[in-house]
Amino acid sequence: MVTVKTAQEIELMRKANQIVRDTLNLLEEKIKPGMTTKQLDKIAHDYITSCDAVPSFLGYSGYPASICVSIDDEVVHGIPSSDRHIEEGQIVSVDIGSIYKGYNGDAARTFAIGRISSEKQRLIDVTRQSFFEGVKILREGVRLGDLGHAIQSYVESNGFSVVRALVGHGIGTDMHEDPEVPNYGKAGHGLRLKANMTIAIEPMVNAGTYDVVMLDDGWTVVTADGKPSAHYENTVAITEDGVEILSL
Ligand code: MF3
Ligand code: CO
């Protein structure tokens with residue numbers, strides 16, 4: 001069921017998403033070569049709980065950590081580990097969720113570690129910009145196919161591909177609510193958005209093929225061809241004349 005939120009609900013989602021944004025900014029400042037992904041998880045967990053919020057990923061369908069950290073060819077849902085060290089030249093996607101007074105925030109960024117290749121930098125930039133290409137056309141009455149088409153056509157015109165197997169989602173009292181929000185689609189098709197719907201838009205963009213594979217840990221999703229992938233996500237509220245980005 002697709003819901004519209006009240007002004008009070010959106011206010012709580014603003015707060016939950018500001019906590020997520022601040023956690024991402026804290027990790028961006030702290031992340032350094034040599035650190036383990038588990039250290040990043042602890043920093044995020046401690047910060048979120050210090051804000052009277054709950055890290056929503058911890059225990060979600062049995063997920064064993066507070067954040068997802070996905071390096072290079074890992075697309076999403078990389079599990080933090082004390083034997084995974086971050087290295088210069090990598091791109092690191094960090095995905096974070098928090099629940100504040102019952103309402104969810106969800107956002108992701110991809111960080112560059114030191115000097116990275118120009119191809120990886122372009123991948124990060126195109127992924128982020130694809131989100132904003134979607135936002136440009138969004139307002140009440142726009143269809144989900146229009147949003148997916150805007151993201152997909154920008155990504156493909158830059159020579160990269162949009163992951164199909166994973167999509168964005170409605171968000172509110174649950175992290176994953178209806179509708180599904182694909183980063184690909186056909187203009188003029190799909191659900192028409194209404195003001196005060198809240199959705200997480202999260203393009204996952206691969207340098208090579210859009211095909212992905214699940215690792216044996218049951219969580220980590222990697223590119224099928226081993227080429228790098230980037231992720232950019234924000235929670236937004238649809239308004240009459242545009243969107244409010246809650247996690248920026
Ligand atoms: N934040 C992810 C999403 O955007 C979900 C993380 S999966 C979890 O949908 F299991 F780690 F929670
Ligand atoms: Co999400």
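## Pockets and cysteines

By class, the lining of the largest pocket comprises 11 nonpolar, six polar and seven charged residues, where Ala, Val, Leu, Ile, Met, Phe, Trp, Tyr, Cys and Pro count as nonpolar, Asp, Glu, Lys and Arg as charged, and the others, Gly among them, as polar. This is a predicted model, in which local features need pLDDT of at least 70 and side-chain atom pairs count only at pLDDT 80 or more, while totals for chains, interfaces and linings use all residues. Residues are numbered from 1 along each chain as its sequence is written, and side-chain values use heavy atoms, with hydrogens and water left out.

A pocket is an open set of points on a 1 Å grid over the protein atoms alone, where a 1.4 Å probe fits and protein lies on both sides within 12 Å along at least five of seven lines; lining residues have an atom within 4 Å of a point. A volume is the space filled by probe spheres set on the points, which are joined across faces, edges and corners.

| Pocket | Volume | Nearest the centre |
|---|---|---|
| Largest | about 410 Å³ | H77, V167, H169, H176, E202 |

Of the 24 residues that line the largest pocket, β8 gives the most, with four.

The structure holds zero disulfides (a disulfide being a pair of cysteine sulfur atoms within 2.5 Å). The sulfur of C68 lies 19 Å from the closest cysteine sulfur, in C51, and is therefore too far for a bond.

Notes
Chains lettered and ligands numbered in written order. Helix = DSSP H or I, 4+ residues; strand = E, 2+ residues; numbered from the N terminus.
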